[in-house]
Amino acid sequence: MSKKIVIKADLVGQACMSDILTVVATFQGIKSMEVDAEKCTLTVTGAVDAVRIAQKLKKKCFAATILSVADDKPKPPEPPKDPCKEACEKLCKERCDKISCCKECKEKCEKACKERCEKRCKAWIEGGSCSCSRCRPSPGFCYTPSYPYCGCGRGCGSWPGPFGC
């Protein structure tokens, strides 16, 4: 099983780093080695025994302390970000923060706004142009410099782009 091993070692100067890497490189099963000169640490990834690495370094007269040993798991891929969701959350929060009667009203406003906004936004992205009636006759004319705002310059109104300008 592959492990990520972090060892604190005497990393004083380029010669020491080179010697330490040479000693550790003799082990079978090493995938990678990284040196952090500022923290004086050596990170070894692979199917290697941390204790044997520390013992061999000490045998070669290097002070070595094992700081951590962990399974080398690949990071799970990040879920793709939905540009509509992010833009609509921000826009609806700004719009609904102006409601001052109660928290419940703000939440209802945000929920309704997000649903409408995301629906229009997705249609706008799939259609490749602004969703307003003024832009539909010439879909290539609508320039969108920064999502989600419509840059058609035809005075579409207060909700530009996918928001029903």
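Predicted model: local features only at pLDDT ≥ 70, side-chain atom pairs only at ≥ 80, totals over all residues.

Visitor: Fine. How many helices and strands are in the protein chain?

Guide: The protein chain has four helices and four strands.

Visitor: And in what order do the elements run from the N terminus?

Guide: Starting at the N terminus, you get β-α-β-β-α-β-α-α.

Visitor: Let's go inside. Which residues have the most contacts in the largest nonpolar core?

Guide: Those are I7, I20, V24, I53 and L57, in a core of 17 residues. Two or more residues each come from β1 (3–9), α1 (13–24), β3 (41–46) and α2 (50–59).

Visitor: Which element gives the most to this core?

Guide: That would be α1, with four residues.

Visitor: What does I7 touch, leaving out residues up to four places away in sequence?

Guide: I7 touches C40, T41, L42, I53, L57, A64, T65, I66 and L67.

Visitor: Switching topic: what share of the residues is buried?

Guide: Of the 165 residues in the protein chain, 30% are buried.

Visitor: And the surface, how much of that belongs to carbon and sulfur atoms?

Guide: Carbon and sulfur atoms hold 53% of an accessible surface of about 11,000 Å².

Visitor: Last one: what share of the contacts joins residues at least 24 apart?

Guide: Counting contacts between residues at least 6 apart in sequence, 55% join residues at least 24 apart.

Methods. Residues numbered from 1 in each chain as written. Heavy atoms only, no water. Buried < 20%, exposed > 50% of the residue type's maximum accessible area, 1.4 Å probe, protein only. Contact = heavy atoms within 4.5 Å. Areas by Shrake-Rupley, 256 points an atom, 1.4 Å probe, with all protein chains shown as cover. Core = buried A, V, L, I, M, F, W, Y, C linked by side-chain atoms within 4.5 Å.
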